[in-house]
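Here is a short briefing for a first look at this structure. Topics follow one after another, in short points.

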Amino acid sequence: MNQIKNKRAFATGVIATIAALICLGIIMTQGAQPRFVISLIILIAWSMVSYFTAFTKKGVAEQASEYADERDRYIAQRSSHTTLLISNYLLFGGCFLGLLLYGIFKNTLFLTVAVTLCSVLVVMLIVLICANIWFEKRS
């Protein structure tokens, strides 16, 4: 049995296969509509390419980690931290702007935008905490 060399490509292949099976189920129940047939063909091709890539080639992250030194890792860590910080500020500003515009115009669209951006911030916080815990246990 082959060893999985690229986990991301394998996961993409599994997701594409599941979506192809859903398309096949829809085709069997509702008939062969062209949009579902085209989607099925594209998903099957995508899953086959993903499986081929998963078993034959290493991922970009694995290849880059082989050649990275401490300075490259530090630069990547700093740029990731700065990107997260800027994203947080933009989302936070958009959330408050949405709340401010809702207060002024009383349009529920602005409240929806504010709640959505606030939800994204909460999800980012939860993912950050989980990733931090995972890396602390692993290192």
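In which helix is the place of Ala 114? Ala 114 is placed in helix α5. Helices here are DSSP runs of H or I with at least four residues, numbered from the N terminus. The model is predicted, so local features need pLDDT of at least 70 and side-chain atom pairs count only at pLDDT 80 or more, while totals for chains, interfaces and linings use all residues. Residue numbers start from 1 along each chain as its sequence is written, and side-chain values use heavy atoms, with hydrogens and water left out.

- Ala 114 counts as buried because its relative accessibility is 3%; buried means under 20% relative accessible area, exposed means over 50%, and partly exposed lies in between, with a 1.4 Å probe and protein chains only.
- Ala 114 touches Cys 95, Gly 98 and Leu 99, leaving out residues up to four places away in sequence; contact means heavy atoms within 4.5 Å.
- Ala 114 and Cys 95 are 19 residues apart in sequence, yet their C-alpha atoms are 4.3 Å apart in space.
- Ala 114, Leu 117 and Leu 121 are buried in α5.
- The buried residues of α5 pack against α4.
- Helix α5 covers residues 108-138, which is 31 residues. At 1.5 Å a residue it should span 45 Å, and its end C-alpha atoms are 45 Å apart, so the two values agree. The expected span is 1.5 Å times one less than the number of residues.

**Helix α1 and its partner**

- Helix α1 has 24 residues. From its first C-alpha to its last it reaches 34 Å, close to the 34 Å expected at 1.5 Å a residue.
- Ala 9, Gly 13, Ala 16, Ala 20, Cys 23 and Ile 27 are buried in α1.
- The buried residues of α1 pack against α2.
- Ser 47 is found in helix α2. Ser 47 is buried because its relative accessible area is 7%.
- Ser 47 is in contact with Gly 13, Ala 16 and Thr 17, leaving aside neighbours within four places in sequence.

**Nonpolar cores**

- The largest nonpolar core has seven residues: Ala 16, Ala 20, Cys 23, Ile 27, Phe 36, Leu 40 and Leu 43. A nonpolar core is a set of buried Ala, Val, Leu, Ile, Met, Phe, Trp, Tyr and Cys residues joined through side-chain atoms within 4.5 Å.
- The elements giving two or more residues to this core are α1 (7-30) and α2 (34-56).
- Helix α1 gives the most to this core, with four residues.
- Apart from this core lies another, of five residues, among them Leu 91, Cys 95, Ala 114 and Leu 121.
- Cys 23 touches Phe 36, Ser 39, Leu 40 and Leu 43, not counting residues up to four places away in sequence.

**Surface and loops**

- Leu 97, Leu 100, Ile 104 and Phe 105 form a nonpolar patch on the surface. Together they have about 430 Å² of accessible area, computed by the Shrake-Rupley method with a 1.4 Å probe, with only the protein chains shown counting as cover for residues.
- Patch residues have over 30% relative accessible area and no salt bridge; like charges are joined within 9 Å, and nonpolar side chains (Val, Leu, Ile, Met, Phe, Trp, Tyr) within 5 Å. A salt bridge is a side-chain nitrogen of Lys or Arg within 4 Å of a carboxyl oxygen of Asp or Glu.
- Leu 97 has its place in helix α4 (residues 70-105). Leu 97 is partly exposed because its relative accessible area is 47%.
- Lys 106 lies in the loop between α4 and α5. Lys 106 counts as exposed, at 60% relative accessibility.
- Phi of Lys 106 is near 55°, a positive value in a residue other than glycine. Most residues other than glycine have a negative phi.
- Ala 68 lies in the loop between α3 (60-67) and α4. Ala 68 is partly exposed, with a relative accessible area of 23%.

**Distances along and across the chain**

- Ala 68 and Leu 117 are 49 residues apart in sequence and 35 Å apart in space, C-alpha to C-alpha.
- Lys 7 has its place in helix α1. Lys 7 is exposed, with a relative accessible area of 66%.
- Lys 7 and Ile 126 are 119 residues apart in sequence and 24 Å apart in space, C-alpha to C-alpha.
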